[in-house]
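Hi,

Here is the model I promised to pass on.

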Amino acid sequence: MSEVHQKQIPPKAVNSSQTRSVDVAVIGGGIAGKACALGMAQLGLQTAEIAPDLNQATPNPQGTQWGQRIYAFSPSTQKLLASLQVWDALDHHRLQVVRDMRIYGDRGEKNDQLHLSAFEAGTPQLAWIGESNLIEHTLDQAARFQNKLDRIADVVEKIDVENSGSTLHLKSGATICAQLVIAADGANSPLRSEIGISASEESYQQSAVVANWICTYPHLETAFQWFLPGGDIVAMLPLPNKQVSMVWSTSPVHASELLQLTQEQWLERFSSIANGAISKQLGELTLHSTPAAFPLRKIRASRFIGPESNPKVALIGDAAHVMHPLAGQGLNLGLRDVAVLLNIYKKRESFRALSDLTLLRRYERQRQGDTSALLWVTDKLKKLFSGNSATEKQLRNWGLGLVNQSHFIKQRLIERALGEIHFD
């Protein structure tokens, strides 16, 4: 971190015979888990974050090559990171502001597009594009100087939820007793399963192929997205220094094929789709990373807190919800979970215990609407643009053009993308 003048807190070892008590235990070492653990500690709550690799510092990204895990950070995410005193410590040379978004239909006609503009919306920017490692490294640095936060490199093998609190049994043999447990342990959340919270899951039968490219034309701080015939979606997100990050959602078979393409074959592929629109917008593209792929699915937990009889657990991030990347809002949705949870505990009445059902219900109620709306819209858009009937093609492309002509609707879309949170 830049200009940190606090004493560094060394990691605390937890031996196999040790039982320790904390106010809050956060299970998970991703961005949402790290941000939540840091925020809880900053509220003055003794916090333990538990994940297998916490003793391995996330490398600070450097050089001209950007990481594979690229995210769009909404203004709501920026506000959370600023409140955690992390945003200003980021290397802003590795963040790219997005001031325009251009979305194109699959007929290739001029009117079948949607343009969202920060200038038109009266906001400085729509989003920032940056690497996962950039955020994680800075959160790691901030955690090292927080004396209310213990980071434990271990695995939770079992949880006992009782009236007095929760006991976490770790692989090392140690136990952690916590008043409140926060599950941030990913889409396949073992903790979610163990406490009996069901989750609906739907595979999109697609994989996302990601790769970074150097472009010869300036991207003009614009994020591009093309819906292609057959259901493929190609997004090109701007990065610093005339680079872009590609997210190509396609069938698993086609994804495997894309992973094998050479530089020349990639250029041929770009020239053959969307009437060469990608090359027309960005010029000649030079591959600047090794392409990778991951499966796409939708997951939604039936509850965001533990059973009413004995809750004491809250779900955040991918443990609560997973969505298609076409809207670029998955991480932002998870960090809005964190922001709401921190706000509730910041305003907690002094007579309420940390695991008070009223507090946990406040969290679940405030997150259900935002989550349901975004998951529903993203899911319907994905399925609409996957249909091949003439009616579906007409409807989706006509809809893009119609929305593009309505300042009111575009303003509402931008507000949703910005992720504004209105606290109760």
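Most residues other than glycine have a negative phi. Leu 220 is also exposed, at 63% relative accessibility. Bear in mind that this is a predicted model.

Gln 85 is another case, with a positive phi near 60° although the residue is not glycine. You'll find Gln 85 in the loop between α2 (75–83) and β4 (96–98), and it counts as exposed with a relative accessible area of 60%.

Now the overall picture. The protein has 12 helices and 19 strands, and 55% of its 424 residues are buried. Of the contacts between residues at least 6 apart in sequence, 74% join residues at least 24 apart. The accessible surface is about 18700 Å², and carbon and sulfur atoms account for 51% of that.

Five of its five residues are buried, so β2 is largely enclosed by the rest of the structure. Which strands does β2 pair with? Strand β1 (residues 19–27) runs parallel to β2 and is joined to it by four bridges, with Ala 25 partnering Ala 48. Strand β8 (residues 149–153) is also parallel to β2, through five bridges, and here Ala 51 stands opposite Ala 153. Together, β1, helix α1 (residues 31–42) and β2 make a right-handed β-α-β unit.

On to charges. I count 19 salt bridges. One of them joins Arg 20 and Asp 150, with the closest N and O atoms 2.4 Å apart. This pair links distant parts of the chain, as Arg 20 is in strand β1 and Asp 150 in strand β8, 130 residues apart. Both ends are buried: Arg 20 has a relative accessible area of 14%, while Asp 150 has 2%.

Another salt bridge brings together the side chains of Glu 136 and Arg 69, at 3.5 Å from N to O. Glu 136 belongs to helix α4 (residues 132–143) and Arg 69 to the loop between β2 and β3 (70–73), which puts them 67 residues apart. Glu 136 is buried at 7% relative accessibility, whereas Arg 69 is partly exposed at 47%.

The side chains of Arg 336 and Asp 370 also meet in a salt bridge, at 2.8 Å from N to O. Arg 336 is in helix α9 and Asp 370 in helix α10, so the pair ties together parts that are 34 residues apart in sequence. Both Arg 336 and Asp 370 are buried. Elsewhere, salt bridges with shared partners join Lys 34, Glu 49, Arg 69, Glu 136, Asp 140 and Arg 151 into one network.

Helix α9 (residues 330–346) holds Asp 337 as well, which is buried with a relative accessible area of 0%. Leaving out residues up to four places away in sequence, Asp 337 touches Ile 316, Gly 317, His 321, Tyr 363 and Arg 367.

Last, the surface: Trp 376, Val 377 and Leu 381 form a nonpolar patch with about 290 Å² of accessible area together. Leu 381 lies in helix α10 (residues 357–384) and is partly exposed, with a relative accessible area of 33%.

Cheers

Conventions: Residues are numbered from 1 along each chain as its sequence is written. This is a predicted model: local features need pLDDT of at least 70, side-chain atom pairs count only at pLDDT 80 or more; totals for chains, interfaces and linings use all residues. Side-chain values use heavy atoms; hydrogens and water are left out. Helices (H or I, at least four residues) and strands (E, at least two) are DSSP runs, numbered from the N terminus. Buried means under 20% relative accessible area, exposed over 50%, partly exposed in between (1.4 Å probe, protein chains only). Contact means heavy atoms within 4.5 Å. Patches are made of residues with over 30% relative accessible area and no salt bridge: like charges are joined within 9 Å, nonpolar side chains (Val, Leu, Ile, Met, Phe, Trp, Tyr) within 5 Å. Accessible areas come from the Shrake-Rupley method with a 1.4 Å probe; for residues, only the protein chains shown count as cover. A salt bridge is a side-chain nitrogen of Lys or Arg within 4 Å of a carboxyl oxygen of Asp or Glu. Two strands pair if DSSP finds at least two bridges between them. A crossover is right-handed if, with the strands pointing away from the viewer, the path from the first strand over the helix to the second runs clockwise.
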